[in-house]
Amino acid sequence: MSRDFVGALLQLNAEKQVPREQLIRTVEEAIAAAYRRIANEEDIHVQIDADSGRIRVYRARVAVDEIEDELTQFTVDDARKIKPDARPGELVEMEELDGDIFGRIGAQTAKQVVLQRLREAERDVVFDQFASREGELVTGTVNRVEPRAIILDLGKGVEGVLATTEQSPLEHYRIGQNVKAYVLEVRRTPRGPALFVSRTHKGFLKRLFELEVPEIHSGTVEIRAIAREAGSRSKVAVSSRQEGLDPVGATVGQRGARVQAVVAELAGEKIDVIPWSEDAGTFVANALSPAQVLGVDIDQEHRIANVTVPERMLSLAIGREGQNARLAARLTGWRIDIRSDVSVAEAKAAAERGETEAPAPEAAPEPAPIEAAGPVEAAPAVEAPAAIDECVPEVDSSSAEGDAEPETREPVGVEAGGDAPKRATRVRKTKASSEEVSS
């Protein structure tokens, strides 16, 4: 039995990758818990000899000055009756118990407790292994596809959760496909440790470059900043720690072989590799690549970079829906204002004209030009209606002798707009008719 027990421990050590000392400590705690359930006492302890496999069960309590738990503690005076040199805080053995008190039910209980504790120990070991891998790459197999996530099998009973928000829109996954992912977080779950991974994080892009570029892996070339819009475009700023080494050339590789390997892993996502610079203006100009930059004016107080580009390069510098300028701003940490050289020249010329023309209103406050507008004196042209006005009094004077209604009901003279004699004739006829009516 002892040899079988030791052999089982060695086998568990090999299969579960759990350290032997931790296995023995776990089995001791499990058997002690089973004894406590059977005896209904809390001061029972178990000790296992790792070489012989012998199990020793004994009763022991902790010596203390003041008792807080009567089931597991006793006073120092009582402890010194058993062990004269007992000190406070020391576990003092009181008596050794018979290890054969287990019956069939007790043995079954002990077995269940041992298996449970062993599973917990195994999960703790696996959790510790993967907890140290946060921020690293892992490779898993697509186990199942769920509406909100893809579950990856990472081995050892560990699952990786690739949420929909952490997936690139260019990628499609199938069952059994091998997928690389970046570890965001490791959590404990009832089924064991679970890894939450991502393929859109900028750290994922950095780890891929470390795999493909030996200079980045060794630290000769350093990735200083990354700006990424997963599935569309990314910008990577690199610098060299070795004099004479081109960081961009080392990262891109011969004929772009290295960067193309990363692009293939990202399903065709475009990647711009630019040199990093200590000078903010130079760095901003490089970040707007592939657009050509004429000049950069840095506003340190408001952290604004005013960039001037050729007119033909304006749309390229801004990018589709502002993507190029947006990624450059994220990469550099500066707010970027892009203008063309034509608009800058026009604004400058307008400002100069404004300065030269500004004093003109003060020097010439003369109202004479306004009065000298000769066409205002051509008022005789308005005298034409005067003839009509002269005829109106005749109508009024004639209507004073008779009834006024016929005159108001006869608007013919105004509508026709004829000459004065015709109107006078019509007025006379109206007068005559009025006289006949009155008679």
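1. Let's start with Val307. Leaving aside residues up to four places away in sequence, Val307 touches Val284, Leu288, Val293, Gly295, Val296, Ile336, Asp337, Ile338 and Arg339 (contact means heavy atoms within 4.5 Å). Do bear in mind that this is a predicted model, where local features need pLDDT of at least 70, side-chain atom pairs count only at pLDDT 80 or more, and totals for chains, interfaces and linings use all residues. Residues are numbered from 1 along each chain as its sequence is written, and side-chain values use heavy atoms, with hydrogens and water left out.

2. Val307 also belongs to the largest nonpolar core, of 22 residues, where Val307, Leu331, Ile336 and Ile338 have the most contacts inside it. Such a core is a set of buried Ala, Val, Leu, Ile, Met, Phe, Trp, Tyr and Cys residues joined through side-chain atoms within 4.5 Å; buried means under 20% relative accessible area, exposed over 50%, partly exposed in between (1.4 Å probe, protein chains only). Apart from this core lies another, of 21 residues, including Tyr182 and Val273.

3. Now have a look at Glu171, which sits in the loop between β7 (158-163) and β8. Strands are DSSP runs of E, at least two residues, and helices runs of H or I, at least four, numbered from the N terminus. Glu171 is buried, at 12% relative accessible area. Among the residues that Glu171 touches are Glu265 and Leu266.

4. Finally, β8 (residues 178-189) and β9 (residues 192-198) pair in the antiparallel sense over seven bridges; pairing requires that DSSP finds at least two bridges between two strands. Val183 has Val197 in β9 as its bridge partner.
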